[in-house]
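Q: I have a model open on my screen and would like to learn how to read it. Could you take me through it feature by feature?

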Amino acid sequence: MKQGRIFSGMRPTGKLHIGHLSVLENWVRLQDSHECFFGIVDWHALTTAYDDTKSLPDHIMDMALDWLSVGLDPEKSAVFIQSQVKQHGELHLLLSMITPLPWLERVPTYKDQVQQLKLQGKDINTVGFLGYPLLMAADILVYRADTVPVGVDQLPHLELCREIARRFNYLYQVSLFPEPQASLSRQEVLPGTDGRKMSKSYGNEIAIGIDSNELAQKVRQMVTDPARIRKDDPGHPEVCVVHTYHQFYAPEDVASLEESCRAGQIGCVECKKQLTGKLEEILAPIREKRKSLEQKPEWVKEILAEGRKKATLEAEKTMALVREVMSVGW
Ligand code: TRP
């Protein structure tokens with residue numbers, strides 16, 4: 001017997017990087033204890049990338065490949081594309097009738113993001129972007145999910161989702177929607193190879209499907225203690241990106257590495273080789289799986305079609321109830 005129902009999603013904006021791994025590992029674990037729905041939320045991607053949509057199909061395929069290669073299992077979970085389950089859109093529309101505009105305008109980060117993107121020359125002063133958290137609420141509520149694995153940055157959105165669920169239940173005097181709770185995963189604050197936030201736009205990311213040569217190169221590029229010129233100069237691990245990675249991926253080795261570094265007994269080249277080895281251990285199986293899936297795009301599409309069926313079945317059950325409760329559609 002499963003403990004509850006989960007929905008989570010990610011926007012298809014490009015290949016995932018190792019900063020996403022802990023979130024996905026949480027999803028993989030939850031598959032055994034919960035009934036899981038995982039959506040590639042392409043409508044959400046459109047809220048900002050509405051003017052350049054050509055690469056969306058490739059991004060969706062990349063996301064499916066990444067998810068499946070880290071262990072999302074179509075036998076256990078529904079893995080699907082949001083826009084293929086139209087009930088998300090219908091629920092978004094119906095919920096928009098009962099959602100006070102100020103609730104959306106007051107979402108922390110909303111005004112900030114509009115302004116931030118404006119500085120980058122991008123106008124997201126749109127109904128679609130304002131409705132982002134409402135669409136997210138529809139994603140969750142259409143499955144009547146009770147648990148949502150997300151990062152802390154999404155907590156305000158989840159709070160809004162609960163408020164909307166409560167308002168619906170109150171207005172129509174039903175208890176149709178549960179108020180979903182967050183399942184927080186350990187959040188990685190792994191920097192990119194240059195020490196800044198990891199992001200594809202900086203070119204400092206390590207994709208989870210990266211090949212061996214590229215991986216070694218990315219690690220070689222990692223920024224280390226700039227005060228270290230010769231390899232026997234004493235190092236300062238606290239300012240070294242490689243050290244941050246060791247802390248994360250090789251906690252058992254970090255104390256001795258740190259000691260050798262401070263004593264000038266291990267050079268950056270050697271230290272980086274060790275890190276490459278560690279990352280290779282973690283990423284090699286993912287890469288192999290991804291490579292074999294890349295050869296079978298038709299099979300991946302079948303998985304998504306199957307996921308769509310499973311998801312539609314459950315979403316339609318909810319929508320039948322919602323329409324009845326709201327007396328919509330006769
Ligand atoms: N907004 C989420 C993010 O950027 C993605 C998302 C869309 C989502 N719908 C969701 C997450 C529903 C959890 C549940 O990470």
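**Reading the model step by step**

A: Helices (H or I, at least four residues) and strands (E, at least two) are DSSP runs, numbered from the N terminus. This is a predicted model, in which local features need pLDDT of at least 70, side-chain atom pairs count only at pLDDT 80 or more, and totals for chains, interfaces and linings use all residues. Residues are numbered from 1 along each chain as its sequence is written.

Q: What is the phi of Gln173, and is Gln173 buried or exposed?

A: Phi of Gln173 is near 50°, a positive value in a residue other than glycine. For burial, we count other C-beta atoms, placed from the backbone, within 10 Å of a residue's own: 20 or more is buried, 12 or fewer is exposed, and in between is partly exposed. Gln173 has 7 C-beta neighbours inside 10 Å, so Gln173 counts as exposed.

Q: Where is Ser327, and what is its phi?

A: Ser327 sits in the segment after helix 14 (297-326). Its phi is near 55°, again a positive value in a residue other than glycine. Ser327 is exposed because 8 other C-beta atoms lie within 10 Å. For a glycine, look at Gly121, which follows helix 6 and has a positive phi near 80°.

Q: How many helices and strands does the protein chain have?

A: The protein chain has 14 helices and 5 strands. Along its principal axes, the C-alpha trace spans about 80 × 40 × 40 Å. Of the 330 residues, 35% count as buried.

Q: How do I read contacts along the chain?

A: Two residues are in contact if their C-beta atoms, placed from the backbone, lie within 7 Å. Among contacts in the protein chain between residues at least 6 apart in sequence, 80% join residues at least 24 apart. Take Val322, which is found in helix 14. Leaving aside neighbours within four places in sequence, Val322 is in contact with Leu91, Leu94 and Leu176. Val322 is buried because 23 other C-beta atoms lie within 10 Å.

Q: How is the packing of two helices described?

A: Two packed helices are described by the angle between their axes and the distance between the axes. The axes are lines fitted to C-alpha atoms, for helices over the stretch in contact, and angles run from 0 to 180 degrees between N-to-C directions. Helix 8 (residues 132-141) and helix 9 (residues 155-171) pack at an angle of about 65°, with their axes 9 Å apart. Angles under 35 degrees count as roughly parallel, over 145 as roughly antiparallel, 65 to 115 as roughly perpendicular and the rest as oblique. Helix 8 and helix 9 are therefore roughly perpendicular to each other.

Q: Which residues of helix 8 and helix 9 meet?

A: Pro133, Met136, Ala137, Ile140 and Leu141 in helix 8 meet His157, Leu160, Cys161, Ile164 and Ala165 in helix 9. By class, that contact has 9 nonpolar, 1 polar and no charged residues. Here Ala, Val, Leu, Ile, Met, Phe, Trp, Tyr, Cys and Pro count as nonpolar, Asp, Glu, Lys and Arg as charged, and the others, Gly among them, as polar.

Q: What does an oblique pair look like?

A: Helix 3 (residues 56-70) and helix 13 pack at an angle of about 130°, with their axes 8 Å apart. That angle makes helix 3 oblique to helix 13. Leu65, Leu68, Ser69 and Val70 of helix 3 make the contact with Ile286, Lys289, Arg290, Leu293 and Glu294 of helix 13. These residues divide into 5 nonpolar, 1 polar and 3 charged.

Q: How many residues of helix 8 and of helix 6 are buried?

A: Helix 8 is mostly covered, with 10 of its 10 residues buried. Helix 6 (residues 110-119) is hardly covered: its count of buried residues is 0 among 10.

Q: Which residues come nearest to the ligand?

A: A residue is near a molecule if its C-beta atom, placed from the backbone, lies within 6 Å of it. Of the 13 residues around the ligand, Ser8, Gly9, Val41, Met136 and Asp139 come nearest. Strand 1 (5-10), helix 8 and strand 4 (147-150) each supply at least two residues of the shell. Strand 1 gives the most, with 4 residues. By class, the shell has 7 nonpolar, 4 polar and 2 charged residues.
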